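Q: Hi! I'm new to reading protein models. Could you walk me through this one?

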Amino acid sequence: MGIRITFPSEKNQAPIVQTPRTERNAAIVDSSSELSRGRKAAHHSSENGTMAEIIAELNALVGLSTVKRLIHEIQAYIEIQKRRTREKLVAEPLVLHMIFRGNPGTGKTTVARLIGRLFKEMEVLQKGHIIECERADLVGEYIGHTAQKTRDMVKKALGGILFIDEAYSLARGGEKDFGKEAIDALVKAMEDHKTDLILILAGYKHEMEWFLQTNPGLRSRFPIHIDFPDYSIEELLSIGDSMLKTRQYQFTAEARDVFRFMLQGVLNSHPYAGNARLVRNMVEKAIRKQAVRLYAKPTSSREELMGILPCDLNLDDDDLK
């Protein structure tokens, strides 16, 4: 079959050239379609795989059961709103600004980073990165300076998350303090960048509650409130085991008992200090002390290089900070 040329009846229209569909051409077209479908399937599979990995990381965190449940609810909520939009049903607006309340070392920053990555995979955020800041990064020294500093931080966070730790400090100076200017600039940024910025305010539970009361308009702008409870003794032990395992170390049975005893003493005397930050400090110090102990020997076995002994464990006031 030759090439067919059709001349349209309308003037000034180009002739239509039809090429015969040979088996070879058909195979090329079909394989191209298959390749395109394959690429789409591979991309979809990659996205699902990445999302599954993020959720697995979240689920692997010690404790935080209520936090994990709420994150899963948010994930489901976002997905269902997207499905409703595709079906041309009324969808709720995705207002995802959050308040994180809890003591230091309870996993707030870790969870915020996971949320950023998760929202990027769900196409809620373009980049999913997190910009961490505090009062000093937002509040200036003279009138007009604060608004500019705050806008600069917001600009860095666009497409991701602006995470403000100890956010209540912005309201501590009263009406004449420049912190109020920072709050006003943040509220404006939330309006101007509804679709490409998520703001997370974090801090101690009671202080954050006081902060929200100082500005009645803030509470309604943050529909998601997540409380991060302190870890139990067993959870702190599991965190210590996990930190050591990641570094290819491990407690001896005696060392683990000593570690438990130390943690219990901290919780009894400093109830707000017994969190993951304390465990990390203790683990890192134990690894350094083990290194000094083994350095004095000419050689070390694999078991010795991995083992943390009771004599490697120590606790001082610096670990509680």
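Predicted model: local features only at pLDDT ≥ 70, side-chain atom pairs only at ≥ 80, totals over all residues.

Q: Thanks! Is I74 buried or exposed?
A: I74 counts as buried because its relative accessibility is 7%. Buried means under 20% relative accessible area, exposed means over 50%, and partly exposed is in between (1.4 Å probe, protein chains only).

Q: Which residues is I74 in contact with?
A: Leaving aside neighbours within four places in sequence, I74 is in contact with L96, M98, F119 and I224. Contact means heavy atoms within 4.5 Å.

Q: Zooming out, how many helices and strands does the chain have?
A: The chain comes to 12 helices and nine strands. Of its 321 residues, 36% are buried.

Q: And what about contacts across the chain?
A: Take the contacts in the chain with a separation of 6 or more: residues 24 or more positions apart account for 69% of them.

Q: OK, new topic. Where is T150?
A: T150 is in helix 5 (residues 145-157). With a relative accessible area of 1%, T150 is buried. Apart from neighbours within four places in sequence, T150 is in contact with L138, A182, A185 and L186.

Q: What about V154, buried or exposed?
A: V154 is buried, at a relative accessible area of 5%, and its place is in helix 5 too. Beyond neighbours within four places in sequence, V154 contacts L162, L186, A189, H193 and L197. Look at A189 in particular: V154 and A189 are 35 residues apart in sequence, and their C-alpha atoms are 7.2 Å apart in space.

Q: How do helix 5 and helix 6 cross?
A: Their axes come within 9 Å and cross at roughly 40°, with helix 6 covering residues 179-192. Axes are lines fitted to C-alpha atoms, for helices over the stretch in contact, and angles run from 0 to 180 degrees between N-to-C directions. That angle makes helix 5 oblique to helix 6. Angles under 35 degrees count as roughly parallel, over 145 as roughly antiparallel, 65 to 115 as roughly perpendicular, and the rest as oblique.

Q: Which residues make the contact of helix 5 and helix 6?
A: H145, T146, A147, T150 and V154 of helix 5 meet E181, A182, A185, L186 and A189 of helix 6. By class, there are six nonpolar, three polar and one charged residues. Nonpolar covers Ala, Val, Leu, Ile, Met, Phe, Trp, Tyr, Cys and Pro, charged covers Asp, Glu, Lys and Arg, and the others, Gly among them, are polar.

Q: Now helix 9 and helix 10: at roughly what angle do they cross?
A: Helix 9 (residues 233-246) and helix 10 (residues 253-269) cross at roughly 130°, and their axes come within 10 Å. That makes helix 9 oblique to helix 10.

Q: Which residues meet there, in helix 9 and helix 10?
A: From helix 9 come I233, E234, L236, L237, S238, G240 and D241, and from helix 10 come R256, F259, R260, L263, Q264 and L267. The residues of this contact divide into six nonpolar, three polar and four charged.

Q: What's going on with Q248?
A: Q248 has phi near 65°, a positive value in a residue other than glycine. Q248 is in the loop between helix 9 and strand 8 (250-251), and at 57% relative accessibility Q248 counts as exposed.

Q: And E166, where does that lie?
A: E166 lies in the loop between strand 5 (160-165) and helix 6. Phi of E166 is near 50°, also positive in a residue other than glycine. E166 counts as partly exposed, at 40% relative accessibility.

Q: Last one: how many disulfides are there?
A: A search of the whole structure finds zero disulfides. A disulfide here is a pair of cysteine sulfur atoms within 2.5 Å. As for cysteines, C133 is buried at 4% relative accessibility, while C311 is partly exposed, with a relative accessible area of 47%.

Note on methods: Residues numbered from 1 in each chain as written. Heavy atoms only, no water. Helix = DSSP H or I, 4+ residues; strand = E, 2+ residues; numbered from the N terminus.
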